[in-house]
Amino acid sequence: MRIGLLGTGPWAQMVHAPALSGHDELDFVGVWGRRPAAAKELAERHGTRAYDDVDALLDEVDAVAVALPPAVQADLAVRAARAECHLLLDKPLAPTVAEGRAVAEAARRSGVASVVFFTTRFQSEPEAWIAEQAASDGWFVGRAQWLGAVFSSDDSPFAASPWRREKGALWDVGPHALSVLLPVLGDVTGVPAAAHGPQDTVHAVLDHVTGASSTLTLSLTAPPAAAGTAVELRGASGVTALPESTEGALPAFSRAADALLTAARTGRPHACDAGFGLRVTEILASVQDVLDRPVD
């Protein structure tokens, strides 16, 4: 499969470009970015071509991987789908429900495969754990903590990200938490409560279609010593916790590329397709609505 990369930022440099150039079943055709000099440097580093015109790249590939802010991704994903390119997208799918719906609808209309890279879903140990818990009934409550130090540490490559500054932890790490909880506890039917914590920290309570309830604690401003991820489930079968992964983001992204190849070949949607990405966006927007309600 011929694939192009849209984006030249830290995530593209650390994960996307190395994974695409090292994948046995992908022909890494080229890179487009909003900064032509950065696209040229990244392309040269991986032995491929930089494109000044995004449509020219879309014309020459079968698929695109996107490493761009959500609003930019949503617009370009629609254009790529209309050009009949399969989509390997980042989370969140889009910054609004309307934009996310446009991506999912464009992919559906064009009949292209799509995979949204929720990192945890493509790491071996967590993936196996999620599948095991999803096969069990009787879950009562779930708890997910995604505490990052993007804005509180001195060395995060993502600290200068304007969209993260604007949208905060809910939209950056909230998708990861939801990608773990939804396959196990079922779709969200309501958000009975949500509140702001310190700085960009968000607490939310979710009701699920299975009758279970879950809580989220999300932050990009945790003290570095307090940063980390934890997911715990409690129910009829007892208590279980999400295992730590021994894999980093790069091998996980390679597995996401494998998933896109399989979906494109078989025509069977992947569980983390644009439709799932849209549903996550809808839930994030529902939490945001509760947060934005005036306090009496």
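Strands, like helices, are DSSP runs numbered from the N terminus (strands E, at least two residues; helices H or I, at least four). The model is predicted, so local features need pLDDT of at least 70 and side-chain atom pairs count only at pLDDT 80 or more, while totals for chains, interfaces and linings use all residues. Residues are numbered from 1 along each chain as its sequence is written, and side-chain values use heavy atoms, with hydrogens and water left out.

Next, display strand β10 (residues 213-219) beside β9: the two pair in the antiparallel sense over six bridges. Two strands count as paired if DSSP finds at least two bridges between them. Within this pair, L218 in β10 stands opposite V202.

Now show the side chains of β9 (residues 202-208). Buried here means under 20% relative accessible area, exposed over 50%, and partly exposed in between (1.4 Å probe, protein chains only). In a regular strand the side chains alternate between the two faces of the sheet.

The hairpin of β8 and β9 has five residues between the strands, and Q199 takes a positive phi near 50°.

Finally, select C85, which is buried at a relative accessible area of 0%.
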